[in-house]
Amino acid sequence: QCFFEAHEEVLEDLGNYDEISKKELENIKKLDVELLIKKFFDEVKGDFNNPTKKSLLEVCDKLAEYAKNFRNKKVIEKHYNYIMKIVNKLK
């Protein structure tokens with residue numbers, strides 16, 4: 001959700017969506033982010049549905065690297081640090 005919110009504006013700017021409803025657009029954007037995250041879990045050989053702390057950390061690193069293409073460093077660091085606070089509490 002955090003990654004989605006950080007990139008929602010970027011996804012909105014990717015095209016002209018006059019032909020679809022706002023709800024359909026939201027579903028498309030969420031699916032796009034979900035597929036990207038699942039791809040990163042595959043790359044780190046992690047399980048999207050049952051992630052380990054290690055796979056979460058690796059995917060977060062990949063997401064932060066990917067985000068450099070769209071966001072400035074401060075935004076990335078803010079979201080990354082927020083997520084790391086949560087992930088670091090895991091056993």
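Reader: In this predicted model, what percentage of the contacts between residues at least 6 apart in sequence join residues at least 24 apart?

Author: The contacts considered here are those in the protein between residues at least 6 apart in sequence. Among them, the share that joins residues at least 24 apart is 46%.

Reader: How many helices and how many strands does the protein have, and in what order do its elements run?

Author: The protein has 0 strands, and from the N terminus on its elements run α-α-α-α. The number of helices is therefore to be read beside that order, with helices numbered from the N terminus, and the count is 4 helices.

Reader: Which element has the highest mean pLDDT?

Author: Across the protein the average pLDDT is 84, and 85% of the residues score at least 70. Among the elements, the lowest mean, 67, belongs to α1. The highest mean, 93, belongs to α3.

Reader: What percentage of the protein's residues count as buried, and which residues of α3 are buried?

Author: The protein has 91 residues, of which 26% count as buried. In α3, the buried residues are Ser55, Val59, Cys60, Leu63, Ala64 and Ala67.

Reader: Is serine 55 buried or exposed, and what is its relative accessible area?

Author: Serine 55 has its place in helix α3. Leaving aside neighbours within four places in sequence, serine 55 is in contact with Phe41, Val44 and Gly46. Because buried means under 20% relative accessible area, serine 55 counts as buried, with a value of 4%.

Reader: Which residues is isoleucine 37 in contact with, leaving aside its neighbours within four places in sequence?

Author: Once its neighbours within four places in sequence are left aside, the residues in contact with isoleucine 37 are Phe48, Val59 and Leu63.

Reader: How far apart are the closest N and O atoms in the salt bridge of lysine 38 with glutamate 34?

Author: Lysine 38 and glutamate 34 are 4 residues apart in helix α2, which means that about one helical turn separates them. An α-helix has 3.6 residues a turn, so residues three or four places apart point the same way. Lysine 38 counts as partly exposed at 32% relative accessibility, and glutamate 34 counts as partly exposed at 33%. In their salt bridge, the closest N and O atoms are apart by 2.9 Å.

Reader: What is the N to O distance in the salt bridge where the side chains of lysine 54 and glutamate 58 meet?

Author: In helix α3, lysine 54 and glutamate 58 lie 4 residues apart, so about one helical turn separates them. Lysine 54 is exposed, with a relative accessible area of 56%, whereas glutamate 58 is partly exposed, with 25%. Their side chains meet in a salt bridge with an N to O distance of 2.8 Å.

Reader: Where is lysine 45, and what is its phi?

Author: Lysine 45 has its place in the loop between α2 and α3. Because exposed means over 50% relative accessible area, lysine 45 counts as exposed at 77%. Although lysine 45 is not a glycine, its phi is positive, at about 60 degrees.

Reader: What share of the protein's accessible surface belongs to carbon and sulfur atoms?

Author: The accessible surface of the protein comes to about 6800 Å². Of this surface, the share that belongs to carbon and sulfur atoms is 52%.

Methods: Residues are numbered from 1 along each chain as its sequence is written. This is a predicted model: local features need pLDDT of at least 70, side-chain atom pairs count only at pLDDT 80 or more; totals for chains, interfaces and linings use all residues. Side-chain values use heavy atoms; hydrogens and water are left out. Buried means under 20% relative accessible area, exposed over 50%, partly exposed in between (1.4 Å probe, protein chains only). Helices (H or I, at least four residues) and strands (E, at least two) are DSSP runs, numbered from the N terminus. Contact means heavy atoms within 4.5 Å. Accessible areas come from the Shrake-Rupley method with a 1.4 Å probe; for residues, only the protein chains shown count as cover. A salt bridge is a side-chain nitrogen of Lys or Arg within 4 Å of a carboxyl oxygen of Asp or Glu. pLDDT is the predictor's confidence in each residue, from 0 to 100.
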